[in-house]
Structures are given as structure tokens and as C-alpha cells.
Amino acid sequence: MEKKSQTVTIHDQKVERGNGGELHQFADGDTPLLTTAQGGPVADDQNTLKYGERGPSLIEDFHFREKIFHFDHERIPERVVHARGYGAHGYFETYESLAKYTRADIFQRAGEKTPAFVRFSTVAGSKGSFDLARDVRGFAVKLYTQEGNWDIVGNNIPVFFIQDAIKFPDMVHAVKPEPDRGFPQAQSAHDNFWDFISLTPESMHMIMWVMSDRAIPRSFRFMQGFGVHTFRFLNADDESTFVKFIWKPKLGMQSVVWNEAVKINGADPDFHRRDLWDAIQAGDFPEWELCVQLFDQDFADNFDFDVLDATKLIPEEILAPIPVGRLVLDRMPDNFFAETEQVAFMTQNVPPGIDFSNDPLLQGRNFSYLDTQLKRLGSTNFTHLPINAPKCPFHHFQQDGHMAMRNPVGRANYQPNSWGEGAREHPARGHRSYRDEVEGPKVRLRAASFADHYSQAGQFYNSQTAPEQEHIAMALTFELAKVETLVIRERMISHLLNIDETLATKVADKLGIKDMPEPADAAVAPRDDLPVSDALSILKNGPDSFKGRKVGVLVTDGCDAGLLKSLHTALTAEGAMMEIVAPKVGGVEAADGSFIEGNQMIDGGPSVLFDSVALIVSEEGVERLLGEATARDFVADAFAHCKFIAHVEAAQPLFEKAGVQPDEGVIAISSAADIAGFIESCRKLRLWAREKAVKL
Ligand code: HDE
């Protein structure tokens, strides 16, 4: 049948409708011509080629077949760990020359800026899992230095579960969904994980960290990063200094509470990636300071623990971190897949002047990261992808293979050659390894110096504030309560007894374990003389500013627009953000007749998405809110999560309805001076003193 087309106008554009109602918008003016991947112009992208209007499709339709073929192959294997991640571009700026310690080019000149790409991630969940899982966060930094790419593939926790890389597949299998049932997703609260952990005492220090608030960060912007292993700096004379890397966020650290995390995952599974996106789009560029802990062989020999053991850290009070530069993230990728998904981090990417230690975890990683790129990116030529290519000149004779986009030019593709062509190595400028003297038999043995699994776990716990200790106990209880096999719960209690007796007793009590087990057999007796390290606590190192945080303001028709404006001005001056939460996202009409647009409707903007909240409502508006469960939850959750709440007098009935007994963190505002007081309180981030009263 003859095609009957009809021209209609959509968004001021003349568009043709086919006889099935489908839209054909033709290339003209600025609209480019749609082509196949071969560059062939396409006439119709709405209908497959058929024999007759209602007849079978034709295999001859090369445009259709190419389009579907490509679509079918859009996915590449997700990372086996750290699948869910989010990246951003930025730069690293060197503070001072570190030539005394390292000849790495990046550390030679003060003020030098080096392009960087960072990818944050969770470990256990798959690519589509939620952001606020209780988990370690990956903190992987690629620095495109003038002497090749340097990847610091770290985490937001300075220690790890295991000491030897050979245990990694077991550890990861145990935390991933159980293989017979295929769940739980992105959670460690299940039998397999705790079975493995309870049979692996070396994981106890890490367990204290992942059960702490470090594992539920409020934002990537508010967490520390660690290189974890001991590395080496090598200077021009090949002298070695051991080094540990720490990234410290300029905005300070902050975490959420577990009940909040659970709700955030429902309200906004992309909470962390949205936060980074929003901050960078708003020009509020997150920043970290790179600090180094430097030490020599003497220090290593005299330190309480083995510096090659990745389940141990060196307390900052013993070895002060020295700031050596800053990392600023100021640009989101143009395309998530091309950059964040295809970025290939590798621990073995080190420039001259940076070298490895013999940490058996690091040594194993140096094999894994190259191997995994071939599986994921499908070709040995993954360095040809722009995100992975060095930004300095490079020359080598590697050629051909899948998707080879750069091949050697000229006759010589080998060295040495008689043609005088091609690059040559340079002993002075190239990467040299530290001339480490090694001796001993070939053995499969764990060093005796790795055997103390409990002392630093206890030190971590003892260094926390009371609310943080309580959170650890609650997290352990939550996780172990999901474990169905009683003997695993008990085994964990027996380990906790070696870490802290009060903690063990509390968790056992909450789990309803009546007969306390014996403490686990310890290869080395746990020490109780390790001093408190304040650097290990989040709350002891909180920010003294509300900068970078977000207030959710619940408004109704008839609200005070002037007060709202004053709040907005004060928050902007503090460097904080504000979002309007309204009964209808279209907005509300204020008492003075002005119109206030909403950013969220109440259902979509629960208080868990904000660092603190304000209730700027009218009496009539509140009347209507009292019947809304979401409005009551908004207030009840903000209170239960120990947030500061600003409110106008008219909001009172909402507190009653939400079952909230206002305390000093519930702050009445009616003037600019009150608002200043509210913001002053918000700098403390949470009113932890309330936590006992709300007993989450
Ligand atoms: Fe990884 N790890 N890992 N890891 N890791 C990977 O590499 C591995 C370890 C870390 O955003 C994989 O490209 C082994 C410690 C981060 O793309 C894989 C061992 C630390 C990322 C791999 C470890 C990390 C990875 C999976 C034990 C903190 C994400 C996909 C010896 C210091 C990087 C990939 C990104 C990713 C192996 C232990 C951090 C399979 C064998 C310890 C941040 O190669």
C-alpha cells in the first residue's frame, strides 16, 4: 500500500508521521545525517525492511542487522570486584619537590599539575547495585605523569581482609551472592561471608573497619583513601624510603547511620554518584590532600608489626603523614562507558622512582590487574583507549592484535636493528627496581611476624568515640543476626572476645547467645597496651564547617518566603546546598504571593537524602501534611538520624504527629540570627547525644 505521510510540528520542528503514526525527523539545517557505522546514509530508522506492509522482514536489511548486532554486544564483563563505580577527571598538584626521596617526575616541581582520573566503587555488589551498601569503597587514582601512568589503586580503609593474594578468590566468593541461591546482592550479612571470616582470624582488623561507619560514607567527597600497602620511593641514587599513601578529604569525613543507609538505598540507589555529579556540575570541586608516611628500614625493623602485612597500619600518632600535594576533581566524563567503565587501573603502573615492597598481597595484585583487563576490555590493546593511554610521549614495538589503533610506522618493528629506527631503552631514565637482597628457602609459609590478628583490631575499637563504638556493635549484631548457622555466630563472638570483651558481650547479648564461648585460639596473645589513635575515628576528626552539605527544606503554601530566602543566603555563604521539598514538585505559593519552585515532592525527597532539614511551613499547610505518612517520616527520620532540624512555629503539630520530643537539636527559626545559630549547630553534622534517646 502507498505510504500516506503527514507533516506535523513538534518542538517547533516539522516532523513527518508515517502511516503507522511513527515519527520521521529528517536531517536538515544543523541536524546531522544519520548513517550506519560504515557511514552509509540512512533513509528510514523507524521501520525494518519488509516484503509488503504486513509481510516478513528481509535479511537484506543491513541497517537493521548492523544496529541490532551492535546493540547485542553493548555489555562488557563487569569487574569481578568493584563493579559498581563512578569516576571523574581532575588534576594533582605537587606542593614541594620530593627529589630527596623520589625521582618520580610528578614530585620534582612545586606547583606542577598532573592530569588525573579517579574511580570510586563498592566491592561486593554488581554494576546495578545500590550505592550505600555496607562495604569498603574503592578509591582508585590514575595519574597521567610525564613518565607514564601511575595508578594508586586504593580503598577508603587502610587495611585489608587477607594477608596473601592467594586467599582473594575465596574471600570474594564468600562475600558475593551465595552460588546456589544467587543472593544476597551487595551485602555481607549472610552465612558464607561470616563463615569465611570467622575461619580467617587475619580478617579481624578489617572487620572492625567494615563494621564501623567508614563502610557507609555519606559521600565519596567525605571519605579518606589509602594505598594500603607499603611502597618504596627511590631517589636518583636509588636510595629507598618506604612510603604509605593517604588521601585526606578537604571537606572532612562524614558517614551516615545504618538505618539511614537502608532507606537511602530505596530512595536514591545512586546517592553517591548523584552527589559527585551534582557537586562537580555546581563547580563545588571536591579535593583531597595526598599525604605520605615515610620511613626507613630501621623504623620497619622496630615497628610493632610487619610493614609488609596489609592487615596492619602505622598509626598517624607514631608516624605523621606529610602532605605532598592535592587532588582536585573538576570534570565529569563525557561518556560513562568510554571512561568510567573502560578505565583500567593496575597496581603495576608505577613510574620511575616508585617501587613495590614485598607485601604478598601487593605482589599478587601486580599479576591480577593486567590479566583482568584482557578479560574485560577484550584486547591487549586496551591502552589504545583514550582513558587508558598515557598522556606523555611513548614508543614501543607492541603491535597488531584486536582493535589495534596504533601500529609501528616504518620498517623496524624490533630492536636492535640496523636501520637506525625506533626507540631505545635508557638505564638512567627508565624504571629501575630496588636492589633488594633476598635470601631463604623456597617455601609456602606465612611469616611469623604476620601472626598477631587481634591487637590492632582492639586498638581501632578503643580509638572510637562512644557513638562509633555503639555503631560497630550494632553493625555486628545486624550482620550476625542474618547468619542462620549458630556456630558461625558463636565463632565470631569468640574472636570478638580477643578484641574487646565489652564489645563481645554486648553483641552476644543482642544476639541472644546465652553461653559465652571461649576466646578463639590466638597465634599471638592479643595486646592491650596499644595507645588510642585519634586519627582512626571519624567523629574525632569531623569538619568544623557545613560546607558541601545539603539541607532539605519542607515547604507548604503560605510559607514565609523571606525566611526561606535568608536561609538560602546563609547556606550559600557557608558553601552548603539547599533543596526545596514540596507537597507538589511544581512548587508552592508563599504567604507574600511569590511562587517557590520545588526540587522534590515529599515522596521523592525523604529527609535521609539531606544532612539536615528545615520545616518552613504555614499553619494551614501543616494541617494538610499531618495526614501524610511521608511528611511524618520526613520529620521522624531526621530526628531519629540525629540531624539538626530548623523549624517555624507552625511546624509544631508535625513533631507531635511524628512522635518527636524536640530537644536542643530542634531549632526554632524566625529571624536571620536564628538561622545563623542553626548553621552553627549544623557544623557538628549530627547531634549524637540524641542517639541513646531514639535507640535505632
Ligand atoms: Fe583489587 N582488583 N584485588 N584490591 N581493586 C580489582 O581489577 C585484586 C585489593 C581495588 O575502579 C580488579 O580492573 C586481587 C586491595 C580497587 O576499576 C582485579 C587482590 C585493594 C579496584 C582485582 C585485590 C584493592 C580493584 C577487578 C588481592 C585496596 C577497582 C577489576 C591480592 C588496596 C579499580 C579490575 C577500578 C579491582 C584484583 C585486593 C583495590 C580482579 C587479586 C588490597 C579500588 O584485578
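Helices (H or I, at least four residues) and strands (E, at least two) are DSSP runs, numbered from the N terminus. Residues are numbered from 1 along each chain as its sequence is written, and side-chain values use heavy atoms, with hydrogens and water left out. The model is predicted: local features need pLDDT of at least 70, side-chain atom pairs count only at pLDDT 80 or more, and totals for chains, interfaces and linings use all residues.

## The ligand and its iron atom

Tyr369 (OH), at 1.9 Å, is the only protein donor of the iron atom of the ligand. Donors are N, O and S atoms within 2.8 Å of the metal (3.2 Å for Na, K and Ca); water is not among the atoms, so sites may look incomplete. Tyr369 is part of helix α9, which covers residues 360–377.

The ligand has 21 residues around it, of which Arg79, Arg119, Arg365, Ser368 and Tyr369 come nearest. Here a residue is near a molecule or strand if one of its heavy atoms lies within 4 Å of it. Sorted by class, this shell has 11 nonpolar, 7 polar and 3 charged residues. The classes are set as follows: Ala, Val, Leu, Ile, Met, Phe, Trp, Tyr, Cys and Pro count as nonpolar, Asp, Glu, Lys and Arg as charged, and the others, Gly among them, as polar.

| Side chain | Ligand atom | Distance |
|---|---|---|
| Arg119 | oxygen | 2.6 Å |
| Arg365 | nitrogen | 3.3 Å |
| Tyr369 | nitrogen | 2.7 Å |

The space taken by the ligand is the second largest pocket. Two or more residues of the shell come from each of β6 (137–145), β7 (148–155) and α9. Helix α9 gives the most, with 6 residues. A pocket is defined on a 1 Å grid over the protein atoms alone, as an open set of points with protein on both sides within 12 Å along at least five of seven lines, whereas a cavity is a set of points where a 1.4 Å probe fits but cannot get out; lining residues have an atom within 4 Å of a point. A molecule sits in a cavity or pocket if more than half of its atoms lie within 2 Å of its grid points.

Leu370 is also placed in helix α9. Leu370 is partly exposed because its relative accessible area is 46%. The scale is buried under 20% relative accessible area, exposed over 50% and partly exposed in between (1.4 Å probe, protein chains only). Between the C-alpha atoms of Leu370 and Glu620, which are 250 residues apart along the chain, the separation is 64 Å.

## The loop between α9 and α10

His396 is found in the loop between α9 and α10 (455–462). With 36% relative accessibility, His396 counts as partly exposed. A polar atom of the His396 side chain lies 3.2 Å from the backbone nitrogen of Gln398. From His396 to Asp528 there are 132 residues in sequence and 55 Å in space, C-alpha to C-alpha.

Met403 is located in the loop between α9 and α10. Its phi is positive, about 55°, although Met403 is not a glycine. Met403 is exposed because its relative accessible area is 64%.

Pro416 is likewise found in the loop between α9 and α10. The peptide bond joining Gln415 and Pro416 is cis, with omega about -5°.

## Other backbone features

Another cis peptide bond runs from Phe183 to Pro184, with omega near 0°. Pro184 belongs to the loop between α2 (168–175) and α3 (191–198).

His82, a residue other than glycine, has a positive phi near 60°. His82 sits in the loop between α1 (62–72) and β4 (85–94). His82 counts as buried because its relative accessibility is 19%.

## Two further buried residues

His24 lies in strand β3 (residues 23–24). At 7% relative accessibility, His24 is buried. The side chains of His24 and Glu22 are joined by a polar contact of 3.5 Å.

Thr556 occupies the loop between β14 (550–555) and α14 (561–574). Thr556 is buried, its relative accessible area being 2%. A polar atom of the Thr556 side chain is 3.0 Å from the backbone nitrogen of Ser618.

Methods. A polar contact is a pair of N or O atoms within 3.5 Å; within protein, one must be able to donate a hydrogen and the other to accept it, and residues adjacent in sequence count only if both atoms are side-chain atoms.
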